[in-house]
Amino acid sequence: MSPPTVLLIAAETTAGEQLQAALEQAAIDATVETTEPECVDTTLLRTAVDCLVVPVTCEGMAGGHLAEAATGLYPDLPVIMYGSAADRGGHIQTVAADDLGSPELAAAVGEALENSETMAARPASRPETILATMFERNSEHLYVKDTDRHYLLLNDSSYAPPELLGRRDEDGLPAGATYLDAARGDDLQVINDGTDILDVHEFSPSMGKHLRTSKVPWYDETDELAGLIGITQDVTDQKERERLLRQQNERLRKVALLAAHELRNELQVSTGHLSQIEADDEHVDAVERSIDQLSGIVDKVVSLASSDSPTFEPEQQWLSTVVWDVWSSLSLEAASLEVTSDRRLLADAESMRLFVEILLSNAVEHGGPDVAIRVGATSSGFFVADDGPGVDVSPPERVFEAGYASEKQNSGFGLYIANRIAKEHGWSLSVGDSENGGARFTVTDVERPD
């Protein structure tokens, strides 16, 4: 029978030699292996381990967090944390000695090996090696969290460093508050309700990344809910391609609406002049029929250009995610945006994004390049407010009319399209004064996910 294995978390393999010598000096039959701190999770999946030895700190990572991650994967694994500040409570044995060669540490390891049996000591199963390979080689952000949202398994990615092992997102990620609120809300929904959250689009302002996340409940060998399993993908490049395509489509839409608006005006003029002709002639009748046909074509163009989403497919979204996503694509330097509160909603993804883009662009267009914009949730929807000059028209709802424009360079169809999108969703869109004297667009009757 092979001797038990002691896994030491250390940046240098020479540290393992020190502990091995101390165990031999104490006549303890065990083999010491070392692993770097960021690899402890996958090493435990691949290696039969009878005892884990953790320093108080290692390469800037806290030993206590690494110990918590290890026992989250294998609750019966004996863990010994050593160092002058070692104090982690009853389930993790602590040794005050700093020296890996100390008799006190060797004795603690020997006692742990004699008095415990752990699932971590059995040979790695085929599924465990598959899981370890996924976490070691996959470029996407893969992770497992316990019911307290601590990372137990975590691969190295550009937006979730391995230093998060044993910690929560808010302990180490540099993301904005609303992004973390949304991520925490998703975690709690999966953990508390045992429901899947699939293909949720997120945006982190501080990282400048567009993300797509799925999370599902994790049930352990006793069929008890033990946490969640998640994958987060960086879809920034895909979002940029979609943004450019939307801009092109929006330009074409506005050209079509503007042309239809001008044609309708000219047709009305022609109809007026034609009504003054008192001749009963087949040519006059032919002109009237032609004008009627042209009017029908114009109406069809307006209808097609105004319909943003022929295949309407509502999906769960966070308000803050859509707002920051749109804001990042507008490339504004002087203007400012604050998301004061967040909420989930059901909406067609493309329609919702265009809706928010119209309202934010409208605020910048009328409020100036240094406008301050606030977006927040309400009990029945959300609002977009600014500190610009406000809406100087009576009644204010005229801004939603097709072709209405307060600026000559404006086509006058942006807010008309926004109102159409709102109606498609069953929302009510209204406009009034904001607290700061500018305009406030309020959306009500917004459906929440179940």
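This is a predicted model: local features need pLDDT of at least 70, side-chain atom pairs count only at pLDDT 80 or more; totals for chains, interfaces and linings use all residues.
View 1. Ala15, Gly16, Leu19, Gln20, Ala22 and Leu23 of α1 are buried. Seen down the axis of α1, these buried residues fall within an arc of 160 degrees, so they line one face of the helix. An α-helix has 3.6 residues a turn, so residues three or four places apart point the same way. The cover over the buried residues of α1 includes β1, β2, β3 and α4 (103–114). Glu17, Glu24 and Gln25, on the other side of α1, are exposed.

**View 2. Span and end of helix α1.** The end C-alpha atoms of α1 lie 17 Å apart, which agrees with the 16 Å that its twelve residues should span at 1.5 Å a residue. Just after the helix, Ala27 has a positive phi of about 60 degrees.

**View 3. The parallel sheet β2-β1-β3-β6-β7.** Five strands in this order make up an open sheet with parallel pairing. At the edges stand β2 (31–35) and β7 (93–95); each has a single partner strand, so one side of each is left without a neighbour in the sheet. On average, neighbouring strands of this sheet are turned by 25 degrees against each other, direction ignored. Helix α1 (residues 14–25) lies across β1, β2 and β3 and runs at about 160 degrees to β2.

**View 4. Pairing of β1 with β3.** Three bridges join strand β1 (residues 5–9) to strand β3 (residues 51–55) in the parallel sense. Leu8 has Val53 of β3 as its bridge partner.

**View 5. The mixed sheet β14-β16-β17-β19-β18.** This open sheet has five strands, and the pairing is mixed. Its edge strands, β14 (336–339) and β18 (428–433), each pair on one side only. From one strand to the next the twist averages 15 degrees. Helix α9 (residues 319–330) packs on this sheet and touches β14, β16 and β17; the direction of α9 makes about 170 degrees with that of β14.

**View 6. Pairing of β16 with β17.** Strand β16 (residues 372–377) pairs with strand β17 (residues 382–386) in the antiparallel sense, over five bridges. The bridge partner of Val375 in β17 is Val384.

**View 7. Cysteines Cys39 and Cys58.** Cys39 counts as partly exposed because its relative accessibility is 30%. Cys58, with a relative accessible area of 9%, is buried. With a cut-off of 2.5 Å between cysteine sulfur atoms, the count of disulfides in the model is zero.

Note on methods. Residues are numbered from 1 along each chain as its sequence is written. Side-chain values use heavy atoms; hydrogens and water are left out. Two strands pair if DSSP finds at least two bridges between them. Helices (H or I, at least four residues) and strands (E, at least two) are DSSP runs, numbered from the N terminus. Axes are lines fitted to C-alpha atoms, for helices over the stretch in contact, and angles run from 0 to 180 degrees between N-to-C directions. Contact means heavy atoms within 4.5 Å. Buried means under 20% relative accessible area, exposed over 50%, partly exposed in between (1.4 Å probe, protein chains only). The expected span of a helix is 1.5 Å times one less than its number of residues. The arc is that of the directions from the helix axis to the C-beta atoms.
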